[in-house]
Amino acid sequence: MTRLLEKAFKKASKLPAVEQNALAKWLLEELDSEQEWEKRFAESEDILDRLADEALEAHAKGKTKELDFSRL
């Protein structure tokens, strides 16, 4: 455990039990969410590669336009 995380847990341990539980629930949900995003991103890697290839091919064929920021 890093010193910063240890410091955070030490500080959190001084909170009332209800607040400790709320913090713990939030942290666990955040960690689960992060794992889910990593899993989904890994699963979509082939799709993203294909889309990138299609975009490069369209650009090579002159089927794309330069973005004009003044028209946004």
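**Salt bridges and charge on the helices**

Q: What separates Arg-40 and Glu-36 in helix H2?
A: Helices here are DSSP runs of H or I, at least four residues long, numbered from the N terminus. This is a predicted model, where local features need pLDDT of at least 70, side-chain atom pairs count only at pLDDT 80 or more, and totals for chains, interfaces and linings use all residues. Residues are numbered from 1 along each chain as its sequence is written, and side-chain values use heavy atoms, leaving out hydrogens and water. Arg-40 and Glu-36 sit four residues apart in helix H2, so what separates them is about one helical turn.

Q: In which helix is confidence lowest?
A: pLDDT is the predictor's confidence in each residue, from 0 to 100, and the chain's mean is 94. Helix H1 (residues 3-12) has the highest confidence at 97, while the lowest mean, 93, goes to helix H3.

Q: At what N to O distance do Arg-40 and Glu-36 meet?
A: Side chains of opposite charge can pair when their charged atoms come close. A salt bridge needs a side-chain nitrogen of Lys or Arg within 4 Å of a carboxyl oxygen of Asp or Glu. Arg-40 and Glu-36 make one, N to O, at 2.9 Å.

Q: Is Lys-61 buried or exposed?
A: Lys-61 meets Glu-57 in a salt bridge (3.0 Å, N to O). Buried means under 20% relative accessible area, exposed over 50%, partly exposed in between (1.4 Å probe, protein chains only). At 53% relative accessibility, Lys-61 counts as exposed.

Key:
Helix = DSSP H or I, 4+ residues; strand = E, 2+ residues; numbered from the N terminus.
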